[in-house]
Amino acid sequence: MSAGDLTLFAGGSDWSPSSWRAKPAMHQPAWPDQAEVEQAGKALHDLPPLVFAGEARALTGLLGRVANGEAFLLQAGDCAESFDSSADSIRDKLRVILQMAIVLTYSGGVPLVKVGRIAGQFAKPRSSPTETVGDLELTSFLGHMVNDIGFSEAERLPDPRRLLTAYHRAASTLNLLRAFTRGGYADLSQVSSWNREFVATSPAGRRYSQMADEIDRALRFMTACGVTAANTPQLHEVEFYTSHEALVLDYEEALTRVDSLTGDTYDCSAHMLWIGERTRQLDGAHVEFLRGVHNPLACKIGPTATTDEVLTLCEVLNPRRIPGRLTFITRMGAGKVETLLPPLLRAVRDSGHPVAWACDPMHGNTYTSSSGHKTRNFDDVLAEISGFFAAHTACDTWPGGVHVELTGDAVTECVGGADDISHEDLEQAFETLCDPRLNGRQSVDLAFRVAEMLSARH
Ligand code: PEP
Ligand code: CO
């Protein structure tokens, strides 16, 4: 028997890293030259993994605690990462996530699992495959893994060499994240002082000064007791994981590896991978590919999802009922969540499937403002999270986390929040490559509000 025969696929003997190719694959780029795609795939296959199987297993363990109601998930980052992100921009995104994390950890009283939409979030499904300006119709922008955002024929043509650039950008982003999270940048007292700055400089922030004071007092108490960064690495370092939508399957297949320790197969492009709302067809290629890798998985669940579909996704993606293997990220829209979510929560609860539930309050609340910008209202984002908590309270299930699109850059893409951004302000710094993101101050504001909801659950 060869080593290959011993390989354990989560999907069983009828699965292989390429078995998705026999199924309909939605939202794949129309690559102009298939030979170039194969060449890029071979090159990727020969490159080192970006993450290690042991790390993905550790994340499954942490998400298992989320599924059991013992931890909370914060999954956050760009809608579409750019190949041109500067080191400062990556650092500032991490900084905002850490700021949110400390607030949520303090008030939630449970461990916080931190996962970035980062180091691989380079591909986007789009509502229309083409975009027309004047007489010119070109392929839509599909993320930097596929094409460029400029509106010319050359920039919009899908280019398979970008698959390799995506790998190298992911590798350098990951390297920076590993350095920042292990090298002292994530020091708790440092992160707390950033939050104090937010509280002091924002009118919305002032209402949180009590919580910020309490966090500082808790840190001073720990120092007085001799618990310091010098003797307690947890105060100084942070466990941070990566994730992205596993959309372009040529890329994901090429980064799939067999773990030498266990013989299990992992998609080593990120720790956690998710299936998007538009590619979660039960007989489709994305479900087929992901069911066979051992990473922790997530699946977006939108307003059209039925209980049957959701239960079948549990059976197909997590037949062995491993806690932490499957997270559902619901994105219903603020006005719908309280009616549409409870039937799904009850069905999954009654089936006994361990699922971690997270709320994406962004994608069900996007609209076009009179200025023509695709935007989101901070109050709608908050309302969807509040409805998510209410639905879980009604069903006696655990509101396990939030999934948000944000940036540390001072953009004006979403309306409302910390600095009360108006529709007129949107044009000042509307920089996103795809969907509107919360800026740093709106994100920290959101964390304080979610913290209030979390502490009310205790
Ligand atoms: C996204 O997360 O950027 C996205 C496209 O979301 P969804 O699949 O929920 O529409
Ligand atoms: Co998005």
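Let's start with Glu309, which counts as partly exposed because its relative accessibility is 27% (buried means under 20% relative accessible area, exposed over 50%, and partly exposed in between, with a 1.4 Å probe and protein chains only). This is a predicted model, in which local features need pLDDT of at least 70 and side-chain atom pairs count only at pLDDT 80 or more, while totals for chains, interfaces and linings use all residues. Residues are numbered from 1 along each chain as its sequence is written, chains are lettered from A and ligands numbered from 1 in the order in which they are written, and side-chain values use heavy atoms, leaving out hydrogens and water.

**Glu309 and its surroundings**

- Glu309 sits in helix 11; helices (H or I, at least four residues) and strands (E, at least two) are DSSP runs, numbered from the N terminus.
- Leaving aside residues up to four places away in sequence, Glu309 touches Arg280, Leu282 and Thr304, where contact means heavy atoms within 4.5 Å.
- Glu309 and Leu94 are separated by 215 residues in sequence and by 35 Å in space, C-alpha to C-alpha.

**Helix 11 against helix 12**

- A pair of packed helices is described by the angle between their axes and the distance between the axes.
- Helix 11 (residues 307-317) packs on helix 12 (residues 337-351) at an angle of about 40 degrees, and their axes are 9 Å apart; axes are lines fitted to C-alpha atoms, for helices over the stretch in contact, and angles run from 0 to 180 degrees between N-to-C directions.
- That makes helix 11 oblique to helix 12 (angles under 35 degrees count as roughly parallel, over 145 as roughly antiparallel, 65 to 115 as roughly perpendicular and the rest as oblique).
- The crossing of helix 11 past helix 12 is right-handed, meaning that the near helix is turned clockwise from the far one by less than a right angle, with anticlockwise giving left-handed.
- From helix 11, Thr307, Val310, Leu311 and Cys314 meet Pro343, Leu344, Ala347, Val348 and Ser351 of helix 12.
- By class, this contact of helix 11 with helix 12 has 7 nonpolar, 2 polar and no charged residues; Ala, Val, Leu, Ile, Met, Phe, Trp, Tyr, Cys and Pro count as nonpolar, Asp, Glu, Lys and Arg as charged, and the others, Gly among them, as polar.
- Ala347 belongs to helix 12 and counts as buried because its relative accessibility is 18%.
- Not counting residues up to four places away in sequence, Ala347 touches Thr307 and Leu311.
- Ala347 and Asp308 are 39 residues apart in sequence, and their C-alpha atoms are 8.7 Å apart in space.

**The cobalt site**

- Cys79 (SG), His363 (NE2), Glu405 (OE) and Asp435 (OD) coordinate the cobalt ion (ligand 2) at 2.1 to 2.4 Å; donors are N, O and S atoms within 2.8 Å of the metal (3.2 Å for Na, K and Ca), and water is not among the atoms, so sites may look incomplete.
- Cys79 lies in the loop between strand 1 (72-77) and helix 4 (87-108) and Glu405 in strand 14 (residues 401-405), so this pair ties together parts that are 326 residues apart in sequence.
- Both Cys79 and Glu405 are buried.

- Helix 7 (residues 188-201) and helix 14 (residues 440-456) pack at about 95 degrees, with axes 11 Å apart, which makes helix 7 roughly perpendicular to helix 14.
- Asn195, Phe198, Val199 and Thr201 in helix 7 meet Arg441, Val444, Asp445 and Phe448 in helix 14, and the residues of this contact divide into 4 nonpolar, 2 polar and 2 charged.
- Helix 4 and helix 8 (residues 209-224) pack at about 85 degrees, with axes 11 Å apart, which makes helix 4 roughly perpendicular to helix 8.
- Ile102, Val103, Tyr106 and Ser107 in helix 4 meet Met211, Glu214, Ile215 and Ala218 in helix 8, a contact with 6 nonpolar, 1 polar and 1 charged residues.

**Individual residues to look at**

- Ala119 has phi near 60 degrees, a positive value in a residue other than glycine; Ala119 is in the loop between strand 2 (112-117) and strand 3 (130-133) and counts as buried at 3% relative accessibility.
- Asp396 has phi near 60 degrees, again a positive value in a residue other than glycine; Asp396 is in the loop between helix 13 (378-395) and strand 14 and counts as exposed at 67% relative accessibility.
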